[in-house]
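Thanks, everyone. Please take a look at the structure on the screen, and then I'll walk you through it.

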Amino acid sequence: MPSKPPPITMDAVYAAPGYLFRRMQQIAVAIFVEECRAYDLTPVQYAALVAIHTHPGIDATRLSAVIAFDRSTLGNVIERLETKSLVERKPAREDKRVKLLYLTKAGAALLRDIVPSVERAQARMLQPLKPADRKTLLALLTQLVDLNNEASRVPLRAEDALEHLGKSN
C-alpha cells in the first residue's frame with residue numbers, strides 16, 4: 001500500500017529551511033536598519049562601502065563578485081552611494097570606459113562611525129541564543145553558504161575578482 005503524502009499545512013511551511021532563512025533575512029535587515037538609522041544605509045550599501053574601503057579602485061563588476069550581489073542591481077546601490085557623496089567614480093587610466101570606485105572623505109568617516117551600530121545589530125540578531133549556540137549557528141551557516149555557493153544567482157567570487165584587481169588599475 002503506497003504511503004499517504006503529508007498534509008499541506010502552514011506548519012510545514014513554518015518549519016521549512018527556506019522559509020526560516022527568508023524570515024531571518026527580514027529580521028536581520030530590520031535590526032540593521034533600526035540600529036543604523038542615523039546613517040541611512042542598507043546592509044548592501046554597508047557591504048559595498050567596506051569592500052571599496054578595503055579595495056580602493058575596485059570596479060563595479062569586481063565589487064559585485066566581492067559582495068555577491070547582482071551586478072545590474074549593484075549599479076543602483078553605487079548611484080545611491082554616489083548621490084550621498086560617500087563614493088566617487090574615476091575613470092581607469094588604461095580604459096576610460098571603466099569606472100573605478102573610491103570612498104570620499106565623507107564615506108570613510110561614515111564607515112568609521114557606523115561600525116559600532118553595525119556591531120550592535122549583529123549582536124542583537126544572535127542575542128536570544130546562548131553563546132555556544134551562537135557559535136554553532138554561525139559555523140553551520142558558514143558551512144551551508146560555502147557548500148551552496150554555486151546554487152546562488154550571484155556566487156561569491158571574491159578571490160577571483162581580487163586576483164585581477166591589481167592588474168586593472
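Let's start on the surface. Phe21, Leu129, Leu137, Leu138, Leu141 and Leu144 form a nonpolar patch there, with about 470 Å² of accessible area together. Patches are built from residues with over 30% relative accessible area and no salt bridge; like charges are joined within 9 Å, and nonpolar side chains (Val, Leu, Ile, Met, Phe, Trp, Tyr) within 5 Å. The areas come from the Shrake-Rupley method with a 1.4 Å probe, and for residues only the protein chains shown count as cover.

A word on the source: this is a predicted model, where local features need pLDDT of at least 70 and side-chain atom pairs count only at pLDDT 80 or more, while totals for chains, interfaces and linings use all residues. Residues are numbered from 1 along each chain as its sequence is written, and side-chain values use heavy atoms, with hydrogens and water left out.

Back to the patch. Its largest share, four residues, comes from helix H7, residues 131–147. Helices (H or I, at least four residues) and strands (E, at least two) are DSSP runs, numbered from the N terminus. Leu138 lies in H7. Leu138 is partly exposed, at 43% relative accessible area. Buried means under 20%, exposed means over 50%, and partly exposed is in between, with a 1.4 Å probe and protein chains only.

Now go inside. The largest nonpolar core has 25 residues. Such a core is a set of buried Ala, Val, Leu, Ile, Met, Phe, Trp, Tyr and Cys residues joined through side-chain atoms within 4.5 Å. Leu41, Leu49, Leu63, Leu81 and Ile114 have the most contacts inside this core. Which element gives the largest share of this core? H3 does, with five residues.

Look at H3 itself, residues 43–54. Gln45, Tyr46, Ala48, Leu49, Ala51 and Ile52 are buried there. Expected span is 1.5 Å times one less than the number of residues. For the twelve residues of H3 that gives 16 Å, and the end C-alpha atoms are 16 Å apart, which agrees.

Leu63 reaches several parts of the chain. Setting aside residues up to four places away in sequence, Leu63 touches Ala48, Ala51, Ile52, Ile58, Leu74, Ile78 and Leu101. Contact here means heavy atoms within 4.5 Å. Ser64 is in helix H4. Is Ser64 buried or exposed? Ser64 is buried, at 6%.

Next, charges. The whole structure holds nine salt bridges. A salt bridge is a side-chain nitrogen of Lys or Arg within 4 Å of a carboxyl oxygen of Asp or Glu. Asp59 and Arg62 make one, at 2.6 Å, N to O. Asp59 is buried, at 7%, while Arg62 is partly exposed, at 21%. Arg89 pairs with Glu82 at 2.9 Å. Glu88 bridges to Lys90, with the closest N and O atoms 3.8 Å apart. Salt bridges that share partners also join Glu34, Glu35, Arg120 and Arg124 into one network.

Stay with Glu35. It sits in helix H2, residues 17–35. Glu35 is buried, at 19%. Beyond its neighbours within four places in sequence, Glu35 contacts Ser117, Arg120, Ala121 and Arg124.

Last, a distance. Gly18 is also in H2. Gly18 and Glu94 are 76 residues apart in sequence and 45 Å apart in space, C-alpha to C-alpha.
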